[in-house]
Amino acid sequence: MKEPILELRGIRKSFGSGDSKIEILKGVDLKIFEGEFVAIVGASGSGKSTLMNILGCLNPTTSGTYLLKGEDVSTFDQDELSRLRREFFGFVFQSYNLIPSLTSSQNVQLPAIYSGVDSSTREQKANQLLDFLSLKDKYHNYPNQLSGGQQQRVSIARALMNGGEIILADEPTGALDSKSGEEVMKLLIELWENGHTLILITHSKEVAEVANRVIEIKDGEIISDVIKEITTHQKQLKAQEKTTPTLFFELLEATKSSLSSLRMNVFRTILTLLGIVIGVSSVIVMLAIGDGAKQEVMDKISAMGTNLLVIRTGSPNSRGFSDIATLVPADMEAINELDNIIGSMPESRRSFTVRYGNHDVSTPINTTSYMMPKIRNWYPSNGTFFTQEDERSMAKVVVLGETVAKSLFEDANPLGEFVLVNNIMFQVIGVMSSKGASSNGEDEDDVVFMPYTTGSLQILGQTHLRNITVAVDDVSIIDVTEEKIEALLLERHKIKDFRIRNMASLIEDTAQTQNTLTILLGSIAGISLLVGGIGVMNIMLVSVTERTKEIGIKMANGARQGNIIQQFLIEAILVSALGGIIGVVIGLGATAILEAFGISVLYSILPIILAFGCSFLTGLIFGYLPAKKASNLDPVVALASE
């Protein structure tokens, strides 16, 4: 005696728990053999649909044993159950269960996608099945463009796509008129005659009469099992070749499905993109502004020289400049005798009115040394700077900043002309090159330089210095040089009434401060990207809820949990990646506009990669929860949703 293709032993199925527990199937024993046409009949609520869901591996049993070709189905995991639905079963539902966004041909191809069949082969076979079912001119029609009978034939074609060794038909004529119902039954009989094992669920005894075996179920128990004479003209079903899809194939098909879904919901896709676009563009703009501000400050400080030590009057904890007369020219001369010293320059600064003819300006007078151009790397663009001899002879000469020169002389050449400073005549011997604004916004070209010896006697009336700037030769030992200067001044002053600022350390401290500012700006922008990610997750969760039935249909046609996760995860990633690309373009455009308005920005590939990478990860991270939720849906519950 041949082995049954399906065998149920003491199958029970309950729903709920405790006092609300309802037992639908009560110890069902059943054997179904290959090639049978079995009709399971019973009134609504008798348990026949639950029995079909168990036979089709859509629903697990509460207890009992289910053997499929001798294998215990209860030992199979979700992926193995998906394989059974994909390779052995074909489902024909009362409500057709076609995916509205797919054409007839695409709906038929669905099971073959999860079997790894290439697109051209499955399209060819799907169209052949549609031809066989008299739907040759309906390949590209969507379900809403088909009649009920045509939709059911598409459903039958889908059931046959992977061979459909066992066809499970749940009330296949229930939603059809009598004529369409007769046509569908003829098709099912023809399938049975061609070798398929056919299990028909119906409440109609007239429909069941065409089967060669009729099983009646009532209150979860089989009350009769009538076997008629089996026809002798049934053909042997040809075995279908089984294929295993590769990961690349699955990802490619999931991407196609995701793109199709996104196209079907364009407005929602745009809204989802918006959060990512704002987040990515904000990151790029904010970091570009932060890096630009940092670069601008660092350039201005570096222009002053990184090998400088600035000695100021005042106690170590004081800020700014002090008028305390503690630094004198003799201190500078002593410092020049130390090792690793290129030179030093004094500076005393006070504002005076400078006149030329009918023009006058109030500007800072900086009394300094002939070493200033070398130490500050700032040279005249016209004429010369005063010399050491000018300094020694206390010559009455000045070098004008560009702003002062333009204010006093406009377009005329100032060289050789005399100006009045504090009512004393000074000859103009040079004009400094343009320096621009300082890091605190002051105009560095609004200044007049003169020898400190002349300025101390003729202008300031003081011999002490506001500060001394020292240039060191070897920056690697600038800290050692700083310690030597400190020791020298302590020995001379007997008290620490001075402060030494290391410009190299200042640059390092400034860089750290600017980095902190950039991180702060990036963090603020990153928050908007995070909000965009949460938006992606919310939209995807809504999408899962709206497409629950579609998920159930795909699971019934052999989609594994991994296939469902792939599709929804790829949808989220595609949205985030596309949003990232648009955000990068908008971010770069906004940065260019800001640059055109004079705001300092710095283009860098790292923020762009960072922003786009974060948008990609956003899709991956925030898309996983909705994808996981979709994959965990119960196929039967999903199919029943509307």
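**Note on a predicted model**

1. F449 counts as buried, since its relative accessibility is 3%. Here buried means under 20% relative accessible area, exposed means over 50%, and partly exposed lies in between (1.4 Å probe, protein chains only). The structure is a predicted model, in which local features need pLDDT of at least 70 and side-chain atom pairs count only at pLDDT 80 or more, while totals for chains, interfaces and linings use all residues. Residues are numbered from 1 along each chain as its sequence is written, and side-chain values use heavy atoms, with hydrogens and water left out.

2. Of the 642 residues in the chain, 51% are buried. Among contacts (heavy atoms within 4.5 Å) with a separation of 6 or more, 77% join residues 24 or more positions apart.

3. The next point concerns aromatic residues. The structure holds seven aromatic pairs. Rings of Phe, Tyr and Trp (its six-membered ring) pair if their centres lie within 6.5 Å; planes under 30 degrees apart count as stacked, over 60 as edge-to-face, and the rest as tilted. One of the pairs is formed by F89 and F91, whose ring centres are 6.3 Å apart and whose planes stand at 35°, so the pair is tilted. F89 is buried because its relative accessibility is 4%, and F91 is buried because its relative accessible area is 3%.

4. A further pair joins W378 and F449. Their ring centres lie 5.6 Å apart with the planes at 85°, so this pair is edge-to-face. The pair links distant parts of the chain, 71 residues apart: W378 is in the loop between α11 (372–376) and β14 (380–383), whereas F449 belongs to strand β18 (residues 448–451). W378 is buried, since its relative accessibility is 6%. Both residues belong to a cluster in which ring pairs link W378, F385, F386 and F449.

5. The largest nonpolar core has 63 residues, of which L6, I40, L55, Y66, L84 and F89 touch the most other members. Such a core is a set of buried Ala, Val, Leu, Ile, Met, Phe, Trp, Tyr and Cys residues joined through side-chain atoms within 4.5 Å. Helix α18 (residues 561–596) supplies the largest share of this core, with seven residues. A second, separate core has 36 residues, including F37, V41, M185 and V214. Returning to L55, its neighbours are L6, L8, I32, I40, Y66, F89, L168 and I199, when residues up to four places away in sequence are not counted.

6. Cavities were also examined. A cavity is a set of points, on a 1 Å grid over the protein atoms alone, where a 1.4 Å probe fits but cannot get out; lining residues have an atom within 4 Å of a point. Among the residues lining the largest cavity are S261, N265, R268, M540, R547 and E571. The helices α8 (247–264), α9 (266–304), α16 (503–546) and α18 each supply at least two residues of this lining.

7. S134 has a positive phi of about 60° although it is not a glycine. S134 sits in the loop between α4 (119–132) and α5 (148–160), and it is exposed because its relative accessibility is 55%. D219, likewise not a glycine, has a positive phi of about 50°. D219 lies in the loop between β9 (213–218) and β10 (221–227) and is partly exposed, given a relative accessibility of 47%.

8. Finally, two helical residues are noted. N563 is found in helix α18 and is buried, as its relative accessible area is 8%. Leaving aside residues up to four places away in sequence, N563 touches Y114, E250 and G558. L617 is in helix α19 (residues 605–631) and is partly exposed, with a relative accessible area of 43%. The C-alpha atoms of L617 and A572 are separated by 10.0 Å, although the two residues are 45 residues apart along the chain.

Key:
Helices (H or I, at least four residues) and strands (E, at least two) are DSSP runs, numbered from the N terminus. On a 1 Å grid over the protein atoms alone, a cavity is a set of points where a 1.4 Å probe fits but cannot get out, and a pocket is an open set with protein on both sides within 12 Å along at least five of seven lines; lining residues have an atom within 4 Å of a point.
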